[in-house]
Number of protein chains: 2
Amino acid sequence: MRHFDELLGDLRAKLLQMSGLVELAIRDSVHALEGIEDSNARSVFKREVDINRLELEIDGTVTTLLALEQPVASDLRFITAAAKINNNLERIGDLAVNIAERSQSLLQHPHSGIRTDIPQLAELTESMVKRALEAFVAKDADAARAVLVSDDAIDDLRDSIFNDLIDQMKTNSQSVQACVDLMFAGRSLERIADHATNIAEAVVFMIEGVEVRRHHTQAVSG
Amino acid sequence: MRHFDELLGDLRAKLLQMSGLVELAIRDSVHALEGIEDSNARSVFKREVDINRLELEIDGTVTTLLALEQPVASDLRFITAAAKINNNLERIGDLAVNIAERSQSLLQHPHSGIRTDIPQLAELTESMVKRALEAFVAKDADAARAVLVSDDAIDDLRDSIFNDLIDQMKTNSQSVQACVDLMFAGRSLERIADHATNIAEAVVFMIEGVEVRRHHTQAVSG
């Protein structure tokens with residue numbers, strides 16, 4: 001049985017690897033959606049296999065660490081935060097796959113005339129994920145808290161995107177399928193932002209030992 | 001500090017209470033969606049507060065148990081399964097709120113002529129959640145595995161519901177808003193079914209110590 005500290009280092013290294021893969025998955029899925037490049041979508045599908053394998057490995061390391069010996073409080077907080085971040089990263093990977101799938105569906109439906117602020121939503125979401133993971137690496141609770149406030153901007157943007165798409169569906173029945181694809185892609189981006197929030201909350205908990213979860217429920221829109 | 005076994009009993013009792021609340025939340029949200037009774041929607045919103053409070057309590061008990069002493073393997077599996085089930089139940093509670101919100105939006109948009117198989121999807125989803133939680137209570141790995149196979153039926157039903165709604169949006173622009181509400185309600189039901197699958201997987205892991213996660217990604221539809 002390897003030493004506790006070695007396994008702890010392992011856990012941190014795997015989590016960073018997982019973070020890198022997930023950031024690439026988001027970037028490629030957004031590129032696929034915007035530039036509609038099919039090769040980007042396929043790289044998201046391929047990368048998901050690695051993300052899923054890594055998630056199970058990290059989960060295994062967490063279980064081993066918990067079984068190995070009684071961790072001190074700060075290590076225990078790191079381990080439980082790692083488990084949560086791992087879970088949220090895996091879900092972000094799934095959502096990137098959903099976005100990539102919608103981008104493939106869009107290839108088959110005319111959508112050049114559709115106006116949408118999804119690129120802005122994608123940019124904000126990517127920045128939230130990046131900042132949450134940087135806060136984890138830097139052990140910076142203030143930086144993690146700063147991620148939490150982006151949530152309202154996401155909600156406003158989502159509402160306006162959905163209303164826009166619904167108007168376009170009403171006036172142009174040819175655009176229905178593409179607008180539905182864009183709505184679900186927007187919803188996936190919004191959910192990625194929620195997971196970024198969860199990660200930031202786990203980082204604050206890890207550093208300060210206080211729960212900052214806000215249990216925000218998404219408002220209906222559109 | 002209370003005794004480990006007492007806390008373990010506490011954890012089990014709270015998780016059962018959480019299960020009961022979440023089952024009621026699903027039922028009320030589906031009733032709101034189908035019968036469009038506003039009082040059911042409001043009871044979902046009220047109950048969410050209790051569900052969220054209970055989730056934090058359960059999370060706290062899990063952390064205390066892990067910090068208290070080094071659990072034996074079977075207790076550790078129970079504790080980690082409880083943490084996962086807790087997390088999935090809380091998310092189901094959020095999704096029930098989403099469905100209830102869609103039901104309120106539907107009150108404001110004409111939808112009496114829309115054909116949809118959402119009631120069948122709701123029935124299948126409710127049964128999956130119920131069976132996953134019964135498998136947990138009965139510590140029945142076979143019953144938990146039986147939940148996992150319902151996933152394909154959910155996917156088929158989701159595809160046909162989405163295609164149906166898209167057709168109706170194309171032919172009747174008056175129905176767009178209501179069809180969008182129904183699509184998102186259907187998506188929330190599908191996601192509740194995913195969480196039921198996660199719970200069933202956690203039950204198998206708790207009993208047998210083997211990982212049966214399948215990492216199924218939702219296919220695009222519609």
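In chain A, the packing of helix H4(A) on H6(A) brings Ile118(A), Gln120(A), Leu121(A) and Leu124(A) up against Ala153(A), Ile154(A), Leu157(A), Arg158(A) and Ile161(A). Sorted by class, that contact holds seven nonpolar residues, one polar and one charged. Please keep in mind that this is a predicted model.

**How H4(A) and H6(A) pack**
- The axes of H4(A), residues 118-138, and H6(A) come within 10 Å and cross at roughly 160 degrees.
- Because an angle over 145 degrees counts as roughly antiparallel, H4(A) is roughly antiparallel to H6(A).
- The crossing of H4(A) past H6(A) is left-handed.

**Chain A as a whole**
- You will find seven helices and zero strands in chain A, in the order α-α-α-α-α-α-α from the N terminus.
- The radius of gyration of chain A is 19 Å, close to the 17 Å that the globule rule gives for 222 residues, so chain A is as compact as a globular protein of that length.
- Along the principal axes, the C-alpha atoms of chain A fill a box of roughly 65 × 35 × 25 Å.
- Of the 222 residues in chain A, 46% are buried.
- Among contacts in chain A with a separation of 6 or more, 82% link residues 24 or more positions apart.

**Where chain A meets chain B**
- Chain A and chain B contribute 30 residues each to their contact.
- On the chain A side, the elements giving two or more residues are H2 (38-68), H3 (73-107), H6 (151-171) and H7 (176-208).
- H3(A) supplies the largest share of that side, nine residues.
- The chain A side divides into 11 nonpolar, 12 polar and seven charged residues.

How values were computed:
Residues numbered from 1 in each chain as written. Chains lettered and ligands numbered in written order. Predicted model: local features only at pLDDT ≥ 70, side-chain atom pairs only at ≥ 80, totals over all residues. Contact = placed C-beta atoms within 7 Å. Helix = DSSP H or I, 4+ residues; strand = E, 2+ residues; numbered from the N terminus. Nonpolar A, V, L, I, M, F, W, Y, C, P; charged D, E, K, R; others polar. Axes fitted to C-alpha atoms, helices over the stretch in contact; angles between N-to-C directions. Parallel < 35°, antiparallel > 145°, perpendicular 65-115°, else oblique. Left-handed = near helix turned anticlockwise from the far one by under 90°. Rg over C-alpha atoms; globule rule 2.2 N^0.38 Å. Buried ≥ 20, exposed ≤ 12 C-beta atoms within 10 Å, placed from the backbone.
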